[in-house]
Amino acid sequence: MEKMEQIFTFIDHKAEEIEKSGKSTYLEAVLATLRGILDGDYPFPVEAATKEEVRKAIQLAILKGMRESSQPNHQMTPDSLGLLIAFIIEQLFEEKLEKGMISILDPALGTGNLMFTIMNKLDGKILATGVEVDELLIQLAGEIAEWIEQPIELYHQDALRPLLVEPVDLVVCDLPVGYYPNNEVAKDYELRAQNEMSYAHHLYIEQSLRYIKEGGYLIFLIPATLFESEQAEKLHQFLKKHAWIQAVMQLPETMFKSKQHEKSIFILQKKCDQLRPPKEVLLAKVPKLSNKQALSLFFEKIKTWKENNLNNPR
């Protein structure tokens with residue numbers, strides 16, 4: 001903790017100095033500070049910090065900046081969820097990870113906290129690609145990647161437009177929730193709404209399925225009310241056609257400010273002629289992440305389900 005606090009304090013003080021000059025927000029000042037340290041303009045105070053200590057220190061500074069920012073897209077996926085998803089990835093790709101690497105795409109990268117938590121946990125096993133429309137957030141992601149020495153290919157664009165991305169083994173995404181403003185782009189999607197604006201989170205699911213290999217997995221953080229909206233039936237029919245639902249895991253209510261912010265983990269597999277659908281969908285409630293015993297039982301439940309359901313060849 002000491003090294004992490006030292007790094008955070010250094011970044012925070014420098015960022016506050018820059019912010020006080022009146023030329024930038026705190027979040028922009030964090031970006032300038034990270035660049036300054038990497039360029040050797042500021043003497044960095046900590047030697048031999050781990051990748052996780054560095055990531056967590058930068059995350060603290062970014063969280064501080066996001067609390068001051070009123071932009072709704074400036075949100076960060078908590079570490080605990082990143083670690084939980086990393087465990088799920090280890091289960092889904094156990095054999096492949098033993099032999100080599102897997103490719104992951106996050107089409108709504110933000111500052112990359114979810115992706116970098118996974119990459120640090122599965123160090124050296126991930127070929128990562130991130131897409132982000134917000135210029136400041138993707139610049140921060142680029143600096144963090146350099147700091148923690150995790151290679152990632154970054155694309156600054158609207159992820160719902162065509163991507164220059166090869167099909168990947170896995171999509172991981174904390175889905176941006178809300179309406180998508182560009183009706184022209186939405187016209188190319190099966191999940192577009194007919195007489196109103198389309199849901200961005202529905203379009204992200206459809207776009208993700210376009211860039212995943214057959215038999216590949218998709219792990220989404222979804223609003224708990226995903227299948228309760230007026231456009232839910234269309235989504236349900238679309239998924240039935242293109243994917244197998246593997247799991248829905250309800251996250252603890254205590255993780256969220258209010259009921260309307262609650263999320264679940266949603267795992268899909270793109271249909272593949274060589275594989276069978278799961279015998280049963282895993283429906284589970286994730287225990288409080290502070291309850292070690294309950295969490296251990298939950299992990300066992302996932303392992304048992306995996307052994308009975310996944311990758312059954314036809």
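In which strand is Ser103 found?

Ser103 is found in strand 1, which covers residues 102-106, in a model that is predicted. The relative accessible area of Ser103 is 12%, and because the limit for a buried residue is under 20%, Ser103 is buried. When residues up to four places away in sequence are not counted, Ser103 touches Leu127, Lys213 and a run made up of Pro167, Val168, Asp169 and Leu170.

## Overall fold and dimensions

The protein has eleven helices and ten strands. Its radius of gyration is 20 Å, close to the 20 Å that the globule rule gives for 314 residues, so the protein is as compact as a globular protein of that length. Along the principal axes, the C-alpha trace of the protein spans about 60 × 45 × 40 Å.

Of the contacts in the protein between residues at least 6 apart in sequence, 74% join residues at least 24 apart. Buried residues make up 52% of the 314 residues.

## Surface and charge

The accessible surface of the protein comes to about 15500 Å², and carbon and sulfur atoms account for 50% of that area. As for charged side chains, the protein has 36 positive and 46 negative ones, and the centres of these two sets lie 6 Å apart.

Ile58 lies in helix 3, which covers residues 51-68, and with a relative accessibility of 0% Ile58 counts as buried. Leaving aside neighbours within four places in sequence, Ile58 is in contact with Ile11, Leu34, Ile144 and Trp147. Ile58 and Asp12 are 46 residues apart in sequence, while their C-alpha atoms are 9.1 Å apart in space.

Val185 has its place in helix 8, which covers residues 183-186, and at 9% relative accessibility Val185 also counts as buried. Apart from residues up to four places away in sequence, which are not counted, Val185 touches Leu160, Arg161 and Tyr180. For one of these, Arg161, the C-alpha atom is separated from that of Val185 by 6.6 Å, although the two residues are 24 residues apart along the chain.

## An exposed loop residue

Glu149 is placed in the loop between helix 7 (135-147) and strand 3 (152-156). The backbone of Glu149 has a positive phi of about 55°, although Glu149 is not a glycine. With a relative accessible area of 58%, Glu149 is exposed, because the limit for that class is over 50%.

## Aromatic rings

A pair of aromatic rings is described by two quantities, the distance of the centres and the angle of the planes. By the pairing rule applied here, the count for the protein comes to five aromatic pairs. One of the pairs is formed by Phe298 and Phe299, with 6.2 Å centre to centre and 45° between the planes, and this pair is tilted. The label follows because planes under 30 degrees apart count as stacked, planes over 60 as edge-to-face and the rest as tilted.

How are Phe298 and Phe299 classed by their relative accessibility, as buried or as partly exposed? Phe298, at 5% relative accessibility, counts as buried, whereas Phe299, at 22%, counts as partly exposed. Together with Phe87, Phe298 and Phe299 form one aromatic cluster.

Terms used:
Residues numbered from 1 in each chain as written. Predicted model: local features only at pLDDT ≥ 70, side-chain atom pairs only at ≥ 80, totals over all residues. Heavy atoms only, no water. Helix = DSSP H or I, 4+ residues; strand = E, 2+ residues; numbered from the N terminus. Rg over C-alpha atoms; globule rule 2.2 N^0.38 Å. Buried < 20%, exposed > 50% of the residue type's maximum accessible area, 1.4 Å probe, protein only. Contact = heavy atoms within 4.5 Å. Areas by Shrake-Rupley, 256 points an atom, 1.4 Å probe, with all protein chains shown as cover. Lys, Arg positive; Asp, Glu negative; His and termini not counted. Charge placed at Lys NZ, Arg CZ, Asp CG, Glu CD. Phe/Tyr/Trp six-rings, centres within 6.5 Å; stacked < 30°, edge-to-face > 60°.
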